[in-house]
Amino acid sequence: MLRLEPRQATPVWFNVALPLAAIAVTLILCSGLIALAGANVLDAYGIMLAAAFGDFYSTTETLVKAAPMIFTGLAVAVAFRAKFWNIGAEGQLMAGAVAGCFVGTFPMPGPFAWLAMAIAGAAAGGFAALVPALLRVRLKVDDVVSSLLLNSVIYFAVMALIEGPWKDSLSGYPISPPIEDSANFPVFFEGTRLHLGVLFAFLAAPAVWLLITRTTLGFAIRVIGENAEAASYGGIAVNRILVLTALLSGGLAGLAGVGEVGGVHFQVMSDLSPGFGYSGIVIAMLARLNPLGVVPAAIFFAAAMTGAEAMSRATGVPVFLADVIQGTALLAMLVALLFTAYRLRRAGAAA
């Protein structure tokens, strides 16, 4: 008979292998769904891989789709490090998109427009995250519930905006006015959509890693995440750090929305985000809250999203397989995390 036994120490290689094992288990489990759809599993995964990385253009498209998920993954990773359970990255992304779009409609030189959009979007996302943070530190309201419900509040507020004051009077479509051409993010390669925001998403990961591991604020965030009572006893202003963490987390999610407006859509619309904020939760968990691990995890999810569309067209497998992969990856990683703290032993075996 098997039982769980606490580990005395977890090997370093084990921590690296767990996310890879979770991805492998995810693909194995999802292969059953592909087979049930009547497609060849290896062919389907081959099409998915080719669609995501088969040529230069498809690779750039995967990176473009990964950029907002890197920002939302970092947002969640930072928040969860301090045990501030920010489930509101989706709403914070939309808030950042609206603020960035509003600023981008004013004529100004390109670099100033990009900077102003980024500042406005980060501020809006940070403000959206500040609401559940203040509710928690002042009124002891559960931040999981408040941040999750705020997603709907922000979403319907955005819908009211684009169905009302921002609605296109000529076409009647619920979309915002487009940003100025000068506010469009520059594209690195002609014929692709690889824009400036993608570069900053990839640069944000090491920047956040340095902040978490090499700064006083990062130290405080990590200590609070380990033991808030001990942090308070040691002189750390726990509530203040939680508020700062919320601002940072929401700001990163807001930048994801700015990137989608400035580099991809150039305006706000109802389907601006297909769930990038929620994907960020899975990505952060798959990366084990390590900012550097967020990048490969986001690329994996972007490849699944991009490849699932091509696989669906070629094999008939429903495109929703990408969503199944996301959910299965989260469950697989949660199970894998159990084995970082425990190991299986036969009952009665020597310690």
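Trainee: Which residue forms a salt bridge with Glu 163?

Mentor: First the idea: a salt bridge is a side-chain nitrogen of Lys or Arg within 4 Å of a carboxyl oxygen of Asp or Glu. Here, Glu 163 pairs with Lys 167, and their closest N and O atoms are 3.8 Å apart. This is a predicted model: local features need pLDDT of at least 70, side-chain atom pairs count only at pLDDT 80 or more, and totals for chains, interfaces and linings use all residues. Residues are numbered from 1 along each chain as its sequence is written, and side-chain values use heavy atoms, leaving out hydrogens and water.

Trainee: Is Glu 163 buried, exposed or partly exposed, and why?

Mentor: Buried means under 20% relative accessible area, exposed over 50%, partly exposed in between (1.4 Å probe, protein chains only). Glu 163 is partly exposed because its relative accessible area is 46%. Lys 167 has 35%, so Lys 167 is partly exposed too.

Trainee: How many salt bridges does a search of the whole structure find?

Mentor: Four. One of them joins Glu 61 to Arg 193, with the closest N and O atoms 2.7 Å apart. Glu 61 sits in helix H3 and Arg 193 in the loop between helix H6 (143-163) and H7, 132 residues apart. Helices are DSSP runs (H or I, at least four residues), numbered from the N terminus.

Trainee: Is Glu 61 buried or exposed?

Mentor: Glu 61 counts as buried, because its relative accessibility is 15%. Arg 193 is at 35%, so Arg 193 counts as partly exposed.

Definitions and conventions:
Helix = DSSP H or I, 4+ residues; strand = E, 2+ residues; numbered from the N terminus.
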